[in-house]
Amino acid sequence: MWYQKNKLFFLLFIFFNFLKISLFVVGGGIVMIPIIQSIFVRKYKMLQDEDIMDMIAMTQTIPGSVAINCAVFIGGRLGGFWGSIAASFGVVCASLLLIGGVICFVDVLNIENQRMLITFSYIRACVTGVFVYLVMKIAKSSIKALVDFGAVCILLLGVAVGVPLGILIVSSIAMGMLYTFFGDWKKNRVADTKIS
Amino acid sequence: MVNLVLFWQFFKFGVLCFGGGHMIIPLLHAEFVEKTAFFTPEEFGNLLAISQMTPGAVSVNSATYVGYLKNGLSAAIFASVGVVFPTFILASVALNFFKKHKDSWYVKGFYRGAKWASLVMILYALFLFANISIFKQPIQEWFQNADFSKPLLNIGQFFVMLLSVLLYFYRVPMIAMLVLAALIGFGVSFI
């Protein structure tokens, strides 16, 4: 195979595969995972299913969007540091090409055609529907106890008052840490008293 | 200079968006609609609808798009690389740390807090999008002086929203829904 000849060709191979994935897959990172699996596990047999499981765990671990996390992780598994650069470069290039193409046709900043405006308002409604679905999905995985509900209510109050979002996110993480810290501390104390 | 500022802004957004690309939407809104008023809310909504419809990652697409509109191709490159860049640092530094201390209180607490934040951010994004699609006027203004004589909902848009939620539960691909919504909208515009 051409991509097995030397390292540079292999990096190009990674780049083109990720370019292809992000040029043809609509719907963001979550849709990409099964396609990455089918390309690198079934077609080329370069990775195992465990690698894909690791990737899913990793995308949930660190911040950043799912698609980029996948690209960095899979690129890293295949070709080390330069592999992950090639993969994420592929994702970025796809966006540059696509959005550059869109810009030639639609000028979002001044749409004057009345028909276009109405059509876009319906597309926005559809995106709202996608968000309703996402809210339900994320709420199911993140609200498991009364504490979660309370914390989310406090944070929503923060949004309503107008706290800057960066501060809000950082304080949310701080609150989570405080909660688990005191939870563990309480548990340990109960365990100590039982032993003594 | 504009490019470097954009790079720094999108670098921050890349660090802060936990749990998926959609979390970048409220951050973009706060920066480019509320603070600098570069877009009107509707234009911003159209931009995100386009980034959702074009293939590829939503966060990178929207970063690229904002970059193009701000200062052409060079800014687009700076913005999209800025959004990707934090992942490199975090993937090499933080991943091992998180794996090693998986059961400690701080990593568990980090996850818990990040999950709360991601729910709040997606709720906020839903609120922003509902205001510019299914409601006739921003809902917060309506609450301040409630006027029951005027209708609050755009009926057509509301039904398209319900339809797309329903279709999502039947695992219809997102692109099919978006195209369907566009066709409905185009049809309605003739009436």
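1. A:D54 is partly exposed, with a relative accessible area of 34%. This is a value from a predicted model, as are the values in the points that follow. A:D54 forms a salt bridge with A:R77, and the closest N and O atoms of that pair are 3.4 Å apart. A:R77 lies in helix α4 of chain A and A:D54 in helix α3 of chain A, so this pair ties together parts that are 23 residues apart in sequence.

2. A:R77 also forms a salt bridge with A:D51, where the closest N and O atoms are 2.4 Å apart. Helix α4 (residues 66-105) of chain A holds A:R77 and helix α3 (residues 49-61) of chain A holds A:D51, so the two side chains tie together parts 26 residues apart in sequence.

3. A:R77 is partly exposed, at 36%.

4. Chain B has a salt bridge between the side chains of B:K35 and B:E31, at 4.0 Å from N to O. Both residues belong to helix α2 (residues 24-35) of chain B and are four residues apart, about one turn of the helix. B:K35 is exposed, with a relative accessible area of 63%, whereas B:E31 is buried, with 12%. The N to O distance of 4.0 Å should be read with the cut-off in mind, which is 4 Å for a salt bridge.

5. Over all chains, the structure holds four salt bridges. How many of them cross the interface of chain A and chain B? The rule finds one there. B:R112 forms a salt bridge with A:D148, with the closest N and O atoms 3.1 Å apart.

6. The side of chain A that touches chain B draws two or more residues from each of α1 (7-24), α3, α4, α5 (114-142), α6 (146-161) and α7 (165-195) of chain A. The largest share, 24 residues, comes from α5(A). By residue type, this side divides into 56 nonpolar, 22 polar and four charged.

7. In terms of contacts, 82 residues of chain A meet 94 residues of chain B. The two chains bury about 8,100 Å² between them, and 79% of this is on carbon and sulfur atoms. A:Y122, A:R124 and A:F131 supply 9% of the area that chain A buries against chain B, more than any other three residues.

8. Chain B has eight helices and zero strands, in the order α-α-α-α-α-α-α-α along the sequence. Its C-alpha atoms fill a box of roughly 60 × 40 × 40 Å along the principal axes. Of the 191 residues in chain B, 55% are buried.

9. Among the contacts in chain B with a separation of 6 or more, 45% are between residues 24 or more positions apart. Chain B exposes about 8,700 Å², of which carbon and sulfur atoms supply 70%.

Notes:
Residues are numbered from 1 along each chain as its sequence is written. Chains are lettered from A and ligands numbered from 1 in the order in which they are written. This is a predicted model: local features need pLDDT of at least 70, side-chain atom pairs count only at pLDDT 80 or more; totals for chains, interfaces and linings use all residues. Side-chain values use heavy atoms; hydrogens and water are left out. Buried means under 20% relative accessible area, exposed over 50%, partly exposed in between (1.4 Å probe, protein chains only). Contact means heavy atoms within 4.5 Å. Buried area is the accessible area (1.4 Å probe) that two parts lose on being put together, summed over both. Ala, Val, Leu, Ile, Met, Phe, Trp, Tyr, Cys and Pro count as nonpolar, Asp, Glu, Lys and Arg as charged, and the others, Gly among them, as polar. Accessible areas come from the Shrake-Rupley method with a 1.4 Å probe; for residues, only the protein chains shown count as cover.
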